[in-house]
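Please read the points below against the model.

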Amino acid sequence: MSKQRVQPLADRHGRVATDLRVSLIDRCNLRCTYCMPAEGLDWLPNEDVLTDDEVVRLIRIGVERLGITAVRFTGGEPLLRKGLVDVVRRTKQLRPTPETSLTTNALGLGRVAGALRDAGLDRVNVSLDTVRREDFARITLRDRFDDVITGLEAARAAGLEPVKVNAVLLRGINDDQAPELLRWCLDHGYHLRFIEQMPLDPQHGWMRSTMVTADEILESLQREFVLTEARRPRGSQPAEEFLVDGGPFTVGVIASVTRPFCGDCDRVRLTADGQVRNCLFAREESDLRTPLRNGADDDEIARRWVAAMAGKLPGHGIDDPSFLQPTRPMSAIGG
Ligand code: SAM
């Protein structure tokens, strides 16, 4: 490791980003109706997408110079990225070694979970909004429920634990399925977290008045389970954790809309085409790909990255009347 002085990714509101979300691709093999239209989107041109070497170089700068301690790979669907295993391996070889995780729909995870573990991946979060096969096909527009289950089992068998399941509840589709999902996850030993639906869909169909809120989710869970707040300090974790029936199992709720946690945010995002985003909802990005390809040295890249973080707004402003959804949808930012 080169001995550099670490310059933290600090903003003007006292927060420091240490958790890097790296989108490796904007394409996906599901079409979750709240995330992507049936016909897909205009994908990034191949030449705009960072190469494996470019991604690893940016991660290295983040880890060695900017205090990044955790790297989560996401997309689009990161398992569609050919070089994923190698990118994970090279990331784990950096010093100080970052924690690594993957957010995935698990299609194909059955085949690569072992290789990802061998490459040093620590954990996976698998997105699964329902355990009813017909509803899965209805939400994702693909009949691939069994593949997700195979992927989840493979993740556990490979030791990518705790295996987390992330679920979004949608009004009129699966909003009554919170207890069923929790029961299923408890039975299978997966850690469930519900995520409130956010205004990040390309169709702009999200409505504050119809989204399923954390309060509703907790209320419906409490009809079947006793939930008590887990006492561990939450820190920058987005999920509020609750002990289920006295523990030890817990369930999490990520209430980005109704109980925002921006004041504790420690995240920064890198898109597949090399743009730094200091917030999921940011309307501005900072281009690292162009300087990277124009021969900028690590100092220059680090300087631009630090500058990009300084302007992070205090909050996402979803509840502000002037809120405008970012141009990029969730799948192109990296959730
Ligand atoms: N394809 C991978 C997956 O399915 O996990 C990674 C990318 S996907 C965009 C990451 C997560 O974002 C998924 O759990 C998905 O349910 C969630 N997501 C997508 N659109 C969302 C929205 N508008 N609000 C909340 N979560 C959303």
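Which residues in α6 are buried?

1. Ala178, Pro179, Leu181, Leu182, Trp184 and Cys185 of α6 are buried (buried means under 20% relative accessible area, with a 1.4 Å probe and protein chains only). This is a predicted model, in which local features need pLDDT of at least 70, side-chain atom pairs count only at pLDDT 80 or more, and totals for chains, interfaces and linings use all residues. Residues are numbered from 1 along each chain as its sequence is written, and side-chain values use heavy atoms, leaving out hydrogens and water.

2. The cover over the buried residues of α6 includes α5 (145-157), β7 (164-168), β8 (191-195), α7, β10 (240-244) and β11 (250-254). Helices here are DSSP runs of H or I with at least four residues, and strands are runs of E with at least two, numbered from the N terminus.

3. The axes of α6 (residues 178-188) and α7 (residues 214-222) come within 8 Å and cross at roughly 65°; axes are lines fitted to C-alpha atoms over the stretch in contact, with angles from 0 to 180 degrees between N-to-C directions. That makes α6 roughly perpendicular to α7 (65 to 115 degrees).

4. Ala178, Pro179 and Leu182 in α6 meet Ile217, Ser220 and Leu221 in α7 (contact means heavy atoms within 4.5 Å). The residues of this contact comprise 5 nonpolar, 1 polar and no charged.

5. After α6 comes Gly189, with a positive phi near 75°.

6. The open sheet has 12 strands with mixed pairing (strands pair if DSSP finds at least two bridges between them). β9 (227-229) and β14 (286-287) are at the edges, each with a single partner strand, so one side of each lacks a neighbour in the sheet.

Terms used: Angles under 35 degrees count as roughly parallel, over 145 as roughly antiparallel, 65 to 115 as roughly perpendicular and the rest as oblique. Ala, Val, Leu, Ile, Met, Phe, Trp, Tyr, Cys and Pro count as nonpolar, Asp, Glu, Lys and Arg as charged, and the others, Gly among them, as polar. Buried means under 20% relative accessible area, exposed over 50%, partly exposed in between (1.4 Å probe, protein chains only).
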